[in-house]
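Colleague: I am new to this one. Please walk me through how to read it.

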Amino acid sequence: MWKDMLADVIGQTLEGFRQEFAEFGPRLLAMTIVLVAGVVFAALLRLVLRALLRRLGFDRFAERAGLPHALGKFGFTGQASGAVAAVTAFVVLAFFVLLALGSLDPLFARELVSRALAYLPQVLVAAALIALGAIVAGFVRRGVLIAAVNRGLPSARLLAGFAQSALLILFAAMALEHLGVGRQIILVSFTILFGGVVFALSLAFGLAGRDLARELLERLARKGEEPREDPLRHI
Amino acid sequence: MSPPLEARVEARLDEIGTAELLVGIPSYNNARTIGHVVRAAASGLAKHFPDCRAVIVNSDGGSTDGTQELVASVNAATPRAILVRHPLTTAHKIITPYHGVPGKGSAFRTIFAIAKRLGVRACAVVDSDLRSISPAWIELLLGPVVHEGFDYVAPLYLRHKYDGTITNSIVYPLTRALYGREVRQPIGGDFGFSGRLAAHYLDREVWDSDVARFGIDIWMTTTALADGFEVCESFLGAKIHDPKDPGSDLAGMFVQVVSSVFDLMHVYRDRWEGVASAQKVPLFGFPHGVGLEPVSVDVERMISIFRQATRDLREVWEAALLPSDLSEVVALSAADPFRFPDPLWVRVVYGFAAAYEHVRLPREQLLRSLVPLYLGRTASFVLETRTCGAEEVEQRIHALADEYVAQKPHLRERWRG
C-alpha cells in the first residue's frame with residue numbers, strides 16, 4: 001500500500017512540476033529569446049550608430065568641443081562616437097531586459113516599465129547635463145591651458161585640469177540633484193569637496209606661487225602708472 | 001551701402017559740394033597727437049596740392065578727451081610759413097562721429113562714404129596717433145593716385161629689424177605668396193587710394209563683420225590686390241606712434257591680425273589658388289636710412305614659452321599640424337642652438353590656415369595656440385640675425401617670403417583637407 005502512496009505522491013509531484021514547467025517553460029524561453037534578440041539588436045545598433053556618427057563627422061565635432069578629454073575623466077577612452085554608440089546600445093539593452101522580465105511576470109514588468117518611463121525624462125535631462133558639462137569643461141580646459149602657456153605659467157596643465165574638474169563636478173552634482181539621488185549628501189559633499197579644493201589651491205598658490213602672486217600684485221599696482229611701450233612691436 | 005551721417009555733417013557736405021582730395025583721420029581719444037596730424041595733413045595738402053579742393057575728415061569713435069574739439073580748433077591753412085606758395089583754397093574740415101560697430105573699420109566706412117559723396121579723385125588715411133607724420137606723407141600717399149593713376153598706395157616704413165615681427169613672419173610673406181604682389185607693409189595703417197576704390201570698398205558688405213572692428217588695414221590691401229586694382233608703395237620713412245597701452249596682450253592682437261588674413265583667404269580662395277609667383281609693385285619716394293632706436297628682445301622668455309608649449313599644447317597642435325611637422329616642432333625644443341627653420345615655419349602657418357578654414361578647433365583657441373610657435377620662430381629669427389645689418393635682415397625676410405611661395409602646393413593640399 002505504501003508503495004502505491006509513494007507512487008501517487010511522486011506522480012503528483014512530477015505532474016505538478018510538469019504543469020508548472022509547461023506554464024513557466026514558454027515564459028523562460030520567451031525571456032531567453034527576448035534577451036538574445038536584445039543583445040543582438042543592441043550590438044547591431046552600436047555598430048551602425050558608431051559608423052553613422054563617424055560618417056557624419058561627430059568625432060571631429062566632439063574633438064573640437066573637447067569631449068574625448070572630458071570623457072576620459074569618466075574612464076571612457078577611444079573616440080566619442082564609440083562612447084555615444086555604447087551608451088545608446090546599453091539603454092536599448094536595458095529596455096530589452098525589462099521586456100524579458102515582462103515575459104516572466106507581466107504585472108511586475110508593467111509596473112517596472114511604467115516607473116522607468118516616468119523616470120526617463122529626468123534621466124535624459126541628467127544625461128544632457130553631463131554631456132553639456134563635458135563639452136563646456138573641455139572647452140574651458142583648453143582655453144585655460146592655452147592662456148596659461150601663453151602667459152608662461154609653469155603650472156598650466158594643473159590650472160587647466162582644475163578648471164575642467166571643477167566644472168565636471170559641478171555638472172555631475174547638478175545631474176545627480178536632478179535625478180533626486182541623495183540630495184543632501186550630494187550638496188554637502190559638493191560643498192566640502194569644492195571648498196577643500198579651493199582651500200588647497202589657495203595654500204598651494206600661497207606657498208608655491210609666491211613669485212607669481214607678487215608679479216600679479218605688482219602688475220595690479222602698475223595699472224595706474226603711465227603706459228610703457230612694449231619693446232617689441234609685433235605688427 | 002553708405003552709413004547714416006549726422007544732419008550737421010550732411011549740411012556741411014552740401015555746403016562743400018564737391019572736392020578732389022580727401023585726407024581721413026580716424027580717432028579715439030588721441031588729443032595728445034591729433035593736432036600735429038591735422039596740421040601735417042593741412043600743410044601737405046596746401047604745399048603739394050595747392051590748386052585742389054581738399055577736405056580733411058576726422059571720423060571719431062566718441063572720444064572723451066577733447067579730440068574733436070582739438071581738431072575743430074586747428075587752423076587747417078596753417079602753418080603758412082612753411083608753404084612754398086599760398087594755397088588757392090583752404091582745406092575744409094569735417095568732424096563726424098561714425099556709426100555702426102565700434103572700431104577703425106567703421107571710422108573708415110564713414111570716410112569712404114564722404115569721399116563718394118564729394119566725388120573725390122584721391123583719398124589718404126593716416127593714423128591719429130602718429131608722431132612722425134610730415135606734410136610730405138600727404139604727397140607720397142596722394143601723389144601716385146593723382147599723378148600716376150594708381151588705385152592703392154601702401155606705405156613702406158623704415159623700421160628696426162625686429163619691429164613688425166607678425167608682419168615679417170606671417171602677414172607680408174603670406175599675402176605676397178597668396179596674391180602674387182609684393183606689398184611689404186600690408187597692415188601699415190596709412191594708405192592712399194582712388195575715389196573709385198573708395199566706392200568699391202563702400203559697396204562691399206563687410207561692415208557688420210570683424211573688418212569694421214579691427215581688420216580694416218589688411219582687408220583694404222587684400223581687396224585692392226585680389227580685385228585687380230593698380231597697387232604701388234610709397235616710402236614714408238620712420239613711423240613713430242604714441243605709446244600703446246601695455247595692458248593690450250600679444251595673444252589678442254595676434255588673433256585679430258592672423259584671423260583677418262585667414263578670413264580673407266576664405267573669401268578670395270579662387271583668386272589665390274592659381275597664383276604661383278610674386279612680383280614687386282612700383283615704389284615711390286626716396287628710401288633712405290635713418291637712426292632707429294635699438295629694440296631689446298627677451299629671447300629667453302620667448303623660448304621658454306615655446307618649450308613649455310611643446311610639452312603642454314601638443315594635443316591642440318595635433319588639430320593643425322601633420323604628425324611629421326608636429327614631431328619636428330617638438331624636437332626643436334631640445335635643439336642647441338635654438339633654430340626654427342623657414343620651411344617648417346611655413347608648413348606650420350599653412351597647417352593652421354587650413355585648420356582655421358575647416359574649423360578643426362574653436363578658431364580663437366586655435367590661433368591663440370599658434371602664439372607660442374610664433375614666439376619660438378621670432379626668438380629663432382632674433383638669434384639668427386643678432387649680428388646682421390638691416391639689409392641682410394631684409395634679405396632673410398625675403399628668403400622666407402620665397403619659401404612661402406615655394407610651398408604653396410602644400411597649402412593647396414592642406415586647404416582641400
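Colleague: Is A:Leu120 buried, partly exposed or exposed?

Modeller: Burial is read from relative accessible area: buried is under 20%, exposed is over 50%, and partly exposed is in between (1.4 Å probe, protein chains only). A:Leu120 has 27% relative accessibility, so A:Leu120 counts as partly exposed. A:Leu120 sits in helix H5 (residues 106–150) of chain A. Between A:Leu120 and A:Phe41 lie 79 residues in sequence and 21 Å in space, C-alpha to C-alpha.

Colleague: What should I know about the model and its numbering?

Modeller: This is a predicted model, in which local features need pLDDT of at least 70 and side-chain atom pairs count only at pLDDT 80 or more, while totals for chains, interfaces and linings use all residues. Residues are numbered from 1 along each chain as its sequence is written, chains are lettered from A and ligands numbered from 1 in the order in which they are written, and side-chain values use heavy atoms, with hydrogens and water left out.

Colleague: How many helices and strands does chain A have?

Modeller: Helices (H or I, at least four residues) and strands (E, at least two) are DSSP runs, numbered from the N terminus. Chain A has eight helices and zero strands. Of its 235 residues, 24% are buried. Take the contacts (heavy atoms within 4.5 Å) in chain A between residues at least 6 apart in sequence: 66% join residues at least 24 apart.

Colleague: Now chain B. In what order do the strands of the sheet lie?

Modeller: Two strands pair if DSSP finds at least two bridges between them. In chain B, eight strands form an open sheet, ordered S3-S2-S1-S4-S7-S5-S8-S10, with mixed pairing. Its edge strands are S3 (92–97) and S10 (283–284) of chain B, each pairing on one side only. Strand S8 (residues 231–238) of chain B pairs with S10(B) in the parallel sense, over two bridges. B:Ser234 has B:Phe284 in S10(B) as its bridge partner.

Colleague: Which strands does helix H2 of chain B touch?

Modeller: Helix H2 (residues 34–48) of chain B packs on the sheet and touches S1 (21–27), S2 (54–60) and S3 of chain B. The direction of H2(B) makes about 175° with that of S1(B). Helix H5 (residues 135–148) of chain B lies across several strands, including S1, S4 (122–125) and S8 of chain B. H5(B) runs at about 160° to S8(B).

Colleague: How do I read two packed helices?

Modeller: Use the angle between their axes and the distance between the axes. Axes are lines fitted to C-alpha atoms, for helices over the stretch in contact, and angles run from 0 to 180 degrees between N-to-C directions. Helices H4 (residues 104–118) and H9 (residues 216–226) of chain B pack at about 50°, with axes 9 Å apart. Under 35 degrees is roughly parallel, over 145 roughly antiparallel, 65 to 115 roughly perpendicular, and the rest oblique. H4(B) and H9(B) are therefore oblique to each other.

Colleague: Which residues of H4(B) and H9(B) meet?

Modeller: B:Lys104, B:Gly105, B:Phe108 and B:Phe112 in H4(B) meet B:Ile216, B:Asp217 and B:Met220 in H9(B).

Colleague: Which residues of helix H7 of chain B are buried?

Modeller: In H7 (residues 195–203) of chain B, they are B:Gly195, B:Leu197, B:Ala198, B:Ala199, B:Tyr201 and B:Leu202. Their cover includes H4, S4, S5, S7 and H9 of chain B.
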